[in-house]
Each structure stands twice: as C-alpha cells, then as structure tokens.
Amino acid sequence: MDFQPRIIAWELTKRCNLFCAHCRAWADDRQWQGELKTEECKAFIDDLKTFERPPMLILTGGEPQMRPDFYEIAAYAKDKGIRTVLATNGLGLTCPDVEKIKGLEIPRVSISIDFPTQEEHDRFRGMAGAYRLAMQGIGNLKEAGVGFQVNTTVTKMNRDKLPAIRRLVEGLGAEAWHVFLLVPTGRGEDLVEVALTPEEYEETLNWLYEVHRDSHLMIKATDAPHYYRILRQRAKADGVQLKAERHGMNSLTRGCLGGLTFYFVSATGNVQICGYLPVAASNIRREPFSYIWANSEMFLKLRDFSNLEGRCGRCEFVNVCGGCRARAYAMTGSYLGEEPFCTFQPTRQG
C-alpha cells in the first residue's frame, strides 16, 4: 500500500458558533489560546508543496469561517496549488461568502444535517435557527454552482430517521452523503448511552449498502471502517462488481486510513491519526509535517498491520477494514486495540 498522504483534515480553529452535542473538539464560541498564527499556517502549506503529489486539505474546525484570516489562508493554499474543500456548519454561507468560496475554486463544501426536522437538528446542534441557516447556506451554494455534500452523525437518537434524512439529502441535490458513526470523544463522551450497539452498527451499515441499489448519491460511511468489509461480503453474495466512485472511495483498499494516507492537524499544530484520536504524533511547530509523516513512531506502527491487537490483528479483512483506531482508543485506551463495535469473528486464530 502506498502511504503517501492524500487527505489532511486541518482544524483551523476550535472556535465555533454552535455547541454541538457530539463535538470531538469541545468547540464553542470563544477565542482559543495557542492556535497557529497566519505565518505558521502558510509555512505548513509551503511544506505540503514538498510532496510530489501534495495532499488535499479539508479546511475544518470548530467553524473555520470564524477564523479572521480564513480567506487569506484559503487563498494562499489556492495560490500554492493545494486542493482544498471546506467543512462547515453552514451558518456563514451568506451570498457574499459563497462568492468568495467560489472565487477560491473550492469545489465542494460539506454541511452537517443530523435530523430531518428543524427542532431536532437545532437541539442537537445547540442553537435555535441552525437548521434554517444551514438550509439557506445550501441554497446559496446551489445558486452559485458550488458543489456540496451533507454529513450526518448517527446515534440511537436519529438512526430510525436515516431514510427521511436520505430523502432530504436527495431532494436538496447534494453530490454526496457522508454518514458518520459516533466516536465517543470530546463532548461525544456524554453520548455513550445513545451510541449504537455493535448489532445496530452492523444493521445500519448493511442498510447503507442497500441504499446504493436505488440511489444516485455517492454515499460514504465515515468512522465505520468495517463498512468496507460489509461491502465485500454483500457484493460477493449479490454477485456484483464494486465500483469505487459509487461507494465514495478513491480506492478499494481500506476503511481506516488514519496514519496511512489520511492525517489530522489540530488548531495548535498537533499531527494526529484523525481528529477523533487525541494523541499527537508530533507538532508542526517543532518538526515539518513532511518529517513527521515519514518518521513518526505512531504512524510507522500503524502501517504495519501485524501490530493491531485482538480480533483486528487476526482478521482476514484487516487489509480492507483495519478497525476504527479512534474508537479503539476511546474504548480500550490503545489505538492499536481491536474495534469494539464490530460483530465479525475472524476465522484465523493466534
């Protein structure tokens, strides 16, 4: 497997105008201390240009648009030839802002919609009017011809509403629907009681597979690496050939790519497997990302799949799944531990 970095989720700030129940970053509407300065952000972008094929940046937060120099940083990335996409709650997608985003040639914006009704979504997101403003933002993106996707985090609170959310997403004309399975970290620790059971998890992922039979949407299960085990099991049983682009994948290689081809850089410069696993391999203030990527002990361990523990280490699907390293850490204390929400029993012993 080629371990060149392909995607980096970059948390530009922890500041946010919402107070979401599941937020991994504990984000809220205050000025956080120690965040990367503008010139440090530009130096990080410069370092990415040293890669033969620079990775794509997901500009995220918190709410990235709340950072005063957001457009300056995004413009610098564009000028350096770095591909960027934007992950936002949608509240700042006014017509003038959308025109700026279009001018930056950001091809896709993701907006989170977790419930099909305003009241439920607003309660989960911690602000009255969040749903209405997100929908207005989506309308502005459509009017400007900027592509968008919808992200949904799944818990017991909305699992039975997924068909309604799917209809909403299709009706909005989204390019993709990314379905996130809750990782109990950050404020999400308080949602453990409404996290799906392993059995519900499996049922939900099988339902997502079946949605492809009659939907034009690109659907991607996120924080759910064993979806890619289910893909292969169900496709084999159905006698169909998998198409990567149909299932929201660039390759049919592996579910969890954290530390392999996907990385996370925090607002203070920590380099992590992903945003849900709060363990830093290093910090870009001490060492360039390119050096950390090549030399981090954490990343080197993850790239040797024989280091995985428990059922993940014995699993015949380790090359296509790998288990969620963040969920393993949250539930077992080890990022190499077995995926606790997986029901599959490997046939290999050892």
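Colleague: Which residues of helix 3 are buried?

Modeller: In this predicted model, helix 3 runs over residues 95–103, and its buried residues are Asp97, Val98 and Ile101.

Colleague: How wide an arc do they cover around the axis?

Modeller: The arc is only 100 degrees, which puts the three on the same side of helix 3.

Colleague: What comes just after helix 3?

Modeller: Glu105 is found there, with a positive phi of about 60 degrees. Glu105 belongs to the loop that links helix 3 to strand 4.

Colleague: Is Glu105 buried or exposed?

Modeller: Glu105 has a relative accessibility of 59%, and the cut-off for exposed is over 50%, so Glu105 counts as exposed.

Colleague: New topic: peptide bonds. Which one is cis?

Modeller: The bond from Gly61 to Gly62 is cis, and its omega is near 25 degrees. Most peptide bonds are trans. Gly62 sits in the loop between strand 2 (56–60) and helix 2.

Colleague: Now the whole protein. How many helices and strands?

Modeller: There are twelve helices and ten strands. The radius of gyration is 19 Å, close to the 20 Å that the globule rule gives for 350 residues, so the protein is as compact as a globular protein of that length.

Colleague: What does the C-alpha trace span?

Modeller: Along the principal axes, the span is about 55 × 45 × 40 Å.

Colleague: How much of the protein is buried?

Modeller: Of the 350 residues, 57% are buried. The protein exposes about 14800 Å², and 51% of that area is supplied by carbon and sulfur atoms.

Colleague: What about contacts along the sequence?

Modeller: Taking contacts between residues at least 6 apart in sequence, 71% join residues at least 24 apart.

Colleague: Last one: how many charged side chains, positive and negative?

Modeller: There are 44 positive and 44 negative side chains, and the centres of the two sets lie 3 Å apart.

Terms used. Residues are numbered from 1 along each chain as its sequence is written. This is a predicted model: local features need pLDDT of at least 70, side-chain atom pairs count only at pLDDT 80 or more; totals for chains, interfaces and linings use all residues. Side-chain values use heavy atoms; hydrogens and water are left out. Helices (H or I, at least four residues) and strands (E, at least two) are DSSP runs, numbered from the N terminus. The radius of gyration is taken over C-alpha atoms; the globule rule is 2.2 Å times the number of residues to the power 0.38. Buried means under 20% relative accessible area, exposed over 50%, partly exposed in between (1.4 Å probe, protein chains only). Contact means heavy atoms within 4.5 Å. Accessible areas come from the Shrake-Rupley method with a 1.4 Å probe; for residues, only the protein chains shown count as cover. Lys and Arg count as positive and Asp and Glu as negative; His and the chain ends are not counted. The place of a charge is taken as NZ of Lys, CZ of Arg, CG of Asp or CD of Glu. The arc is that of the directions from the helix axis to the C-beta atoms.
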